[in-house]
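Hi everyone, thanks for coming along. I have one chain to walk you through today, so let me put it on the screen.

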Amino acid sequence: MRTRIMWERQGGMCGLQISRKCTKKLPLRLAHFEHSHGRGLGGSSGGAGKRDDRILIDGKPVNCAACFYCNAEKGSRRLDVFENLIP
């Protein structure tokens with residue numbers, strides 16, 4: 001359900017658009033939940049590396065629906081690593 005809400009919020013477009021294989025237009029059936037901040041480094045011990053599955057924080061959108069190619073290219077890295085690549 002959260003993926004669908006993000007997909008609708010994005011107008012049916014990939015929320016990352018960082019892969020050369022990205023078609024930008026994203027069918028809902030191919031949408032993947034993308035964590036903006038990734039899992040971090042060091043695993044989940046001591047609270048580090050936990051994912052935040054919320055789609056809104058204080059009314060601001062976080063995370064997105066992304067295509068397989070962009071999701072795979074981003075991996076578990078933080079979204080700000082790709083800041084200069086996003087059109």
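First, some housekeeping. This is a predicted model, where local features need pLDDT of at least 70 and side-chain atom pairs count only at pLDDT 80 or more, while totals for chains, interfaces and linings use all residues. Residues are numbered from 1 along each chain as its sequence is written, and side-chain values use heavy atoms, with hydrogens and water left out.

Now the layout. The chain has 2 helices and 4 strands, and in sequence order they run α-β-β-β-β-α. Those elements are DSSP runs numbered from the N terminus: helices are H or I with at least four residues, strands are E with at least two. Of the 87 residues, 31% are buried; buried means under 20% relative accessible area, exposed means over 50%, and partly exposed is in between, with a 1.4 Å probe and protein chains only. The chain exposes about 5900 Å², and carbon and sulfur atoms supply 53% of that; the areas come from the Shrake-Rupley method with a 1.4 Å probe, and for residues only the protein chains shown count as cover. If you take contacts between residues at least 6 apart in sequence, 71% of them join residues at least 24 apart, where contact means heavy atoms within 4.5 Å.

In soluble globular proteins, nonpolar side chains tend to be buried together. Here, the largest nonpolar core has 15 residues, and those with the most contacts inside it are Cys 14, Leu 16, Leu 26, Ala 65, Cys 67 and Cys 70. Helix α1 (2-9) and strand β4 (64-66) each supply at least two residues of this core, and β4 gives the most, with 3. By a nonpolar core I mean a set of buried Ala, Val, Leu, Ile, Met, Phe, Trp, Tyr and Cys residues joined through side-chain atoms within 4.5 Å.

You'll have spotted the cysteines, so how many disulfides does a search of the whole structure find? The search finds 0, taking a disulfide as a pair of cysteine sulfur atoms within 2.5 Å. Cys 14 is in no disulfide, and its nearest cysteine sulfur, that of Cys 70, is 3.8 Å away. Cys 14 is also buried, at 4% relative accessible area. As for Cys 70, leaving aside neighbours within four places in sequence, its contacts include Cys 14, Leu 16 and Cys 22.

Next, Glu 34 in strand β1 (residues 32-34). Is Glu 34 buried or exposed? Glu 34 is buried, at 2% relative accessible area. Beyond four places in sequence, Glu 34 is in contact with Leu 16, Asn 63, Cys 64, Ala 66, Asn 71 and Lys 74.

Leu 28 sits in the loop between α1 and β1 and is partly exposed, at 26%. Not counting residues up to four places away, Leu 28 touches Arg 4 and Trp 7.

Last, the rings. There is 1 aromatic pair: Phe 68 and Tyr 69 are edge-to-face, 5.6 Å centre to centre with 75° between the planes. Rings of Phe, Tyr and Trp (its six-membered ring) pair if their centres lie within 6.5 Å; planes under 30 degrees apart count as stacked, over 60 as edge-to-face and the rest as tilted. Tyr 69 is partly exposed, at 40%.
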